Amino acid sequence: MFFLSRQTVRRHLPLYAGSFVALAVGVFLLGLAATATAATIAYHGPAADSVLVNLPGVDGSGPHQERVLLSGADASGLQIVLSLVGVISGFITVFVIASTFAFAVASRRREVGLLRLIGATPRQVRRMVLGEALVVALAASLTGALLAQLFTPLVLAKASYTELAPVKLEAASPWLPLAITVAVGLVVALLGARSAARRAGRVGPVDALREAALEPPRIGVIRVLFGLLFLAGGIVMLALIQPGTGEGVVPLAMSTPMVLVVALTLLGPLVVPWIGRLWAIPLVRWTQVSGRLARSNVVAAPRRSASLAAPILAISAIAGAMVLSLSFAADAESATVRDTLTAPIVITTADNSGDLRERILATPGVAAADGGLGVKIIRADGDAAELEDGEGIDPAVAARTRALRPISGDLANLTGNSVAVGKEMAGLSHYKVGSQIPVVFGDRTKGTLRVVAVLPDASGVNGSLLVPAELAKQHAPNAVPEHWFIQPAEGVDPAQLIGTLDRQLAGTGAHVVRAEEWEGQQAEGLRKANQLGLVMLLGPAAIYSAIAIANTLLMGSLQRRHEFVTSRLLGATPAQIRRMVLWESSLVGATALTLGAVTTVTVGILLRHAMTEGLQDVPITIPWAPLLGIAALCLALAVGAASAPTAYILRRTSPADAVGD
């Protein structure tokens, strides 16, 4: 049977070329993510800049040791991004492979019917289709893995010394990650072809005599049940996007669209025609005949329409939700900084500024100068060591420049070996007032900190762990504040005090600005970092999705040659057929974008509510340019990929070809 599968692939090379390209590109992206991730895991940094931490292993892993870089200059950020790239690429690959193999089997319905007519059993047909998938998958996976290995050094060179990986990354041994990638490619291809193989096994001998390949009027019960199951799971995940979710709310908002996309794809033959009918109402009124034909094709072929809509739905929902989620997260962060910082003036120091405390306090009109001392603190109370940016503060001074209102506990007790933690950390690590946290400081000194207060989260203003200034000086004697929050004396104009501070700090490299300007700079820096993450996350996925959309629509149009020739025989002109295909692809694209937009907006609204509870006057920044760009690109690809092969077929056929077929 494998020999027969190999022969059929050779005979239908143009038909399987789309599946080969789609899977090869998918494996290439997965391979790049895997080999680059292996490089980040292999990087340990210089031993002199690290400390070995003993961990209790509270979740059953047992006591163990972990080496932590004190500088924090590791590749963990890049590792997270690469993992997400692999998940998104693999997710989209399943949809593309399923669609391309479905088209390949559908276009050979009469051939499969002939095999059944001469005695082939349904099981043999299924094995033949799965064998074809294995032949294509093996060649595509090996090709993608080879390309990934060739491009890995270039990717690592570009990723080194960036915000996500401020270190030099070297390629690790590629055999294990590439072997896993090839295996994933084979599994994905077989999973994607499984549905097509089952459908081919249901083709009867009578299909060898049919001129038209009619789709079944209903989809299977199992498909509907799984679609409803995934839809229920998506609804549950949406319900979890609420204020009490904490740190996981943004990752949850980014992953929820994937589950909803699976549900909508499974239920696509039921949903797509219904929404297509709604979009067709104004189209029919405007275009009359061609619009009616386009609507009829979308409704009469629900499986084909759903397959064409699947890649557009996937990228629009996933990319749209990510873009909107990160924008709303930046809005919430900006509002948090504004609500927490009560001082009207901020001084940003330079690397060579030194300790400016005496100069600032000697400036007339300064009532309070709050400069936190940075200290590295490693939490060693779980299964993994966590490096935190601690901050040493004077609670009495900090209370005059920041809104430090404890949820529980009292900052007046922040003395000695004590610490104040944020609400999010307290919830995730189950800290409460009185909890003891074993830590290792940046000078490799071990100790235990007692929790004396739990504060609202304000990462843009406060350190992740607030400790007494004396404790920070003890373990980081050379630390100097990076920022000073200045509270003017009563009756002093902040604008005049800024000028006075500028003169007082001349030559130190310090920069004095109003708090509003500093908050804007912080928000802009966060948005730029988010943009970099989006480019790395969605760049490869967007390119692959563009190929997938064009590939799927191209295969869908090429298999309609007989339909176009028959339409010509019935009197339709080439221009009418081209307009029909144009409106049909537009309807499918608009339907998919509608479902993607509904998913994006729903996730965005819930996320904004979850992240802004308790904050005042949170701005709403909707990134219209990338959102509209995603929609326009998907629609343009859908129309172009469907219209181009249609024009090619019409130029090379005539009504007389219907007799020859």
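The protein has 21 helices and 13 strands, where both kinds of element are DSSP runs numbered from the N terminus (H or I over at least four residues for helices, E over at least two for strands). Keep in mind that this is a predicted model, in which local features need pLDDT of at least 70, side-chain atom pairs count only at pLDDT 80 or more, and totals for chains, interfaces and linings use all residues. Residues are numbered from 1 along each chain as its sequence is written, and side-chain values use heavy atoms, with hydrogens and water left out.

Let's start with the whole chain. Of the 661 residues in the protein, 49% are buried, meaning under 20% relative accessible area, with exposed set at over 50% and partly exposed in between (1.4 Å probe, protein chains only).

Now for a bit of backbone. Most residues other than glycine have a negative phi. Histidine 430 isn't a glycine, yet its phi is positive, at about 60°. You'll find histidine 430 in the loop between helix H14 (423-429) and strand E9 (436-441), and it is exposed, with a relative accessible area of 68%.

Further along, arginine 444 also has a positive phi without being a glycine, this time about 70°. Arginine 444 sits in the loop between E9 and strand E10 (446-455), and at 39% relative accessibility it counts as partly exposed.
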